[in-house]
Amino acid sequence: MRTYHCLPLIIWTCILHTVDNSPLQAKANGLRKMVNLTKDDGKMLHRTKRGWMWNQFFLLEEYTGTDTQYVGKLHTDQDKGDGNLKYILTGDGAGNLFVIDENTGDIHAAKKLDREEKSLYILRAKAIDRKTGRQVEPESEFIIKIHDINDNEPKFTKDLYTATVPEMSGVGTSVIQVTATDADDANYGNSAKVVYSILQGQPYFSVDPESGIIKTALPDMSRENREQYQVVIQAKDMGGQMGGLSGTTTVNITLTDVNNNPPRFPQSTYQFNSLESAPLGTHLGRIKANDPDTGENAELEYSISEGEGSDMFDVITDKDTQEGIITVKQNLDFEKKMLYTIRVDASNTHPDPRFLHLGPFKDSALVKISVEDVDEPPVFSKLSYLMEVDEDVKEGSIIGQVTAYDPDAMNNVIKSEFTSLFSVRYSVDRHTDMEQVFSIHSENGSIFTLKPLDRESSPWHNITITATEINNPKQSSQIPVFIRILDINDHAPEFAMYYETFVCENAKSGQLIQTISVMDKDDPPRGHKFFFEAVPEFPLNPNFTIVDNKDNTAGIITQKDGYSRSKMNTYLLPVLIFDNDYPIQSSTGTLTIRVCACDSQGNMQSCNAEALMLAAGLSTGALIAILLCVVILLTLIVLFAALKRQRKKEPLIISKDDVRDNIVTYNDEGGGEEDTQAFDIGTLRNPEAREDSKLRRDVMPETIFQIRRTVPLWENIDVQDFIHRRLKENDSDPSAPPYDSLATYAYEGNDSVANSLSSLESLTADCNQDYDYLSDWGPRFKKLADLYGGDESDRD
């Protein structure tokens with residue numbers, strides 16, 4: 001019991017000794033106590049006192065002493081001091097960082113420790129009997145904590161900060177926040193308490209000592225005066241007290257631009273020159289207003305103020321260079337004005353309302369533009385000419401005039417017609433008048449015709465007139481001239497188409513069988529108006545009549561009931577057509593009306609002669625027999641003509657001794673004027689064609705029986721149409737005399753060069769007649785030349 005009572009005293013003595021030697025030595029939590037517990041069975045349980053228990057030790061970091069740093073001592077009440085117990089240490093750093101004396105239980109730190117690397121170590125200790133190897137105390141866990149010292153300076157998250165702030169910002173405007181960290185223990189003393197201060201950048205900026213927020217310290221800082229600032233910030237631990245560690249960082253602060261500067265022209269007046277021939281849009285020069293701002297705050301817009309020259313020139317803005325480009329807006333004329341003065345404004349496109357009080361963000365400058373004279377081509381008085389002329393104008397008639405002048409040949413005040421006449425020459429561009437219908441007077445510009453005009457073939461003529469300077473032929477200009485040909489009523493109306501008109505055999509009186517319309521090449525201004533009438537020579541037609549519909553058409557109406565193909569299968573109906581323009585033109589069109597068989601509804605069935613014969617009741621066999629007879633008859637006629645041609649002709653005079661007079665008929669004079677049935681209208685149509693059908697004069701004409709059918713007077717209308725056409729040709733003939741004349745349309749035949757050969761009409765005897773000229777008449781008169789042109793002995 002005595003030893004048992006002395007053990008706590010030994011343990012406490014060891015603890016006090018350890019604490020006195022090392023303030024960081026772990027303290028014992030207490031001794032084990034024995035407690036008597038009563039269980040259900042009534043037995044008493046005894047709790048023995050614990051031999052040892054350690055919570056934690058404390059150790060300073062960064063120990064720089066020569067000896068190893070003593071940590072603490074392990075001891076158990078089972079240790080008698082005889083060396084039978086052995087202390088063993090396991091856990092974090094056991095054996096290399098922390099070593100234990102297995103006999104005494106003293107623990108030392110073998111190396112220098114850094115709290116920032118590891119702030120605590122967890123170890124386990126146990127005591128075992130050397131002889132038996134039995135563990136005399138349960139294994140106990142304890143902690144070694146590293147006490148912090150101020151061995152780390154504050155460090156910023158960045159070595160270099162970059163920030164911007166608008167210029168003209170107010171005091172206290174936040175710029176950027178910097179942050180510094182300290183690796184020391186923030187829970188132990190002030191080693192990790194950081195305070196910020198500004199070392200460089202005053203008086204422009206300041207820093208909050210606790211938050212590290214950098215703020216502006218001066219009002220209205222101007223970017224144009226200074227744009228870049230370098231601020232150095234310090235972070236110091238220990239709450240900024242002396243002896244604390246510190247770190248620094250650099251902050252580059254840039255003032256960003258705001259539109260607080262209006263544009264200003266560097267000079268008040270600009271001078272440019274321009275040729276009067278400068279094309280529209282020509283760049284004359286550039287002007288620029290200076291704006292200290294940058295980016296969109298320096299973007300400018302140029303404009304010309306209202307006033308002199310504002311309509312002649314323009315200014316455009318070059319977005320890349322922010323310059324104003326003066327350009328030509330309208331054609332310049334040195335002779336009209338030589339100097340222009342315009343006012344150009346330059347203004348910001350993005351003004352800032354906060355700084356409008358600093359002044360108007362616009363400036364103006366005067367621009368003087370001198371116009372230089374150049375040799376210009378002639379100038380026409382109009383951009384184009386339109387002329388009108390009647391199509392019946394005579395050749396050589398003047399239809400209009402163009403005028404052009406040389407602006408360089410005139411002074412600025414007087415522009416006379418006299419100057420134009422002697423400085424410019426006119427000509428027609430023949431590429432636009434290939435047929436040379438027009439020409440122009442080279443001096444006065446009068447345009448006249450060279451050929452007749454016809455509106456129906458060419459209603460418009462577009463020609464080009466060239467005006468050339470006499471002193472400088474390279475200077476020329478052209479102008480279009482549009483010539484409109486005005487219509488003259490010189491064409492008669494005529495049928496619009498060929499009409500195939502028929503009338504049914506069973507037609508009734510008053511029935512419409514055809515509607516006709518006409519066309520006219522003329523183009524009267526009031527439109528066409530045509531009239532239809534019967535020809536005056538045949539005003540009354542018993543078969544058909546013409547009805548004017550008053551709408552430029554006419555209807556053909558039947559005049560009787562029923563028509564017969566067997567009596568007359570075709571009718572000719574002349575129609576007189578005339579217009580209402582001046583002079584009135586008329587023509588006669590002839591309708592050919594066929595008589596056809598129709599059904600009860602008036603639909604045409606047949607109009608030819610074969611159908612008529614079939615209707616008469618002839619069978620097919622009868623028609624074949626008739627055709628066979630016709631073929632046989634034609635064959636006999638051909639054989640008879642061939643035999644007659646082979647018959648030898650007897651000479652008029654058998655021999656030279658047979659002298660006798662023979663009367664030979666050389667011409668057939670016809671039946672005279674009273675013989676109306678023998679009148680042949682074919683002579684009027686084509687006299688030359690009738691000569692081919694004449695009979696031979698040296699052969700006795702045979703008796704030819706010709707059956708002539710009496711034709712009613714109103715059916716011989718083609719003669720009248722022929723005469724009217726001949727009258728129309730003479731009326732429209734430009735070579736015809738402009739007075740009344742008589743035209744003879746009868747044809748008598750060609751005169752004979754040989755005159756009459758009959759000796760009955762000879763006034764002299766045969767002996768006095770000279771027939772030598774018969775030898776010159778050719779082989780056809782050789783026989784007569786031998787009979788009458790021989791010598792004296794031959795005639796005897």
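A search of the whole structure finds 12 aromatic pairs. Rings of Phe, Tyr and Trp (for Trp, its six-membered ring) pair if their centres lie within 6.5 Å; planes under 30 degrees apart count as stacked, over 60 as edge-to-face and the rest as tilted. This is a predicted model, in which local features need pLDDT of at least 70 and side-chain atom pairs count only at pLDDT 80 or more, while totals for chains, interfaces and linings use all residues. Residues are numbered from 1 along each chain as its sequence is written, and side-chain values use heavy atoms, with hydrogens and water left out.

Start with Phe313 and Tyr340. Their ring centres are 5.3 Å apart and their planes stand at 75°, so the pair is edge-to-face. The two residues link distant parts of the chain, 27 residues apart: Phe313 belongs to strand 22 (residues 313-318) and Tyr340 to strand 24 (residues 339-348). Strands (E, at least two residues) and helices (H or I, at least four) are DSSP runs, numbered from the N terminus. Both Phe313 and Tyr340 are buried. Buried means under 20% relative accessible area, exposed over 50%, and partly exposed in between (1.4 Å probe, protein chains only).

Now turn to Phe531 and Phe578. Here the centres are 5.4 Å apart and the planes meet at 20°, so this pair is stacked. Phe531 sits in strand 38 (residues 530-534) and Phe578 in strand 41 (residues 570-579), 47 residues apart. Phe531 is partly exposed because its relative accessible area is 24%. Phe578 has 18%, so it counts as buried. Elsewhere, Tyr204, Phe205 and Tyr229 form one aromatic cluster.

Next come the charged contacts. The structure holds 15 salt bridges. A salt bridge is a side-chain nitrogen of Lys or Arg within 4 Å of a carboxyl oxygen of Asp or Glu. Arg484 and Glu388 form one, with their closest N and O atoms 3.7 Å apart. This bridge spans 96 residues of sequence, from Arg484 in strand 34 (residues 476-486) to Glu388 in strand 27 (residues 385-390). Arg484 is partly exposed at 39% relative accessibility, and Glu388 is partly exposed at 44%.

Arg425 and Glu443 also meet in a salt bridge (4.0 Å, N to O). Arg425 lies in strand 30 (residues 424-428), while Glu443 is in the loop between strand 31 (438-440) and strand 32 (446-449), so the pair ties together parts 18 residues apart in sequence. Arg425 is partly exposed, at 28%. Salt bridges with shared partners also join Arg223, Glu224, Glu227 and Asp257 into one network. Glu227 is partly exposed, at 35%, whereas Arg223 is buried, at 10%.

The surface has a nonpolar side too. Ile626, Val630, Leu633, Leu634 and Ile637 form a nonpolar patch with about 460 Å² of accessible area together. Patches are made of residues with over 30% relative accessible area and no salt bridge; like charges are joined within 9 Å, nonpolar side chains (Val, Leu, Ile, Met, Phe, Trp, Tyr) within 5 Å. Accessible areas come from the Shrake-Rupley method with a 1.4 Å probe; for residues, only the protein chains shown count as cover. Leu633 lies in helix 4 (residues 620-646) and is exposed, at 51%.

Finally, consider confidence. The protein has a mean pLDDT (the predictor's confidence in each residue, from 0 to 100) of 77, and 72% of its residues reach 70 or more. Over residues 652-656 the pLDDT is below 50, and this stretch has six contacts (heavy atoms within 4.5 Å) beyond near neighbours in sequence. Where pLDDT is low, the predicted coordinates should not be read in detail.
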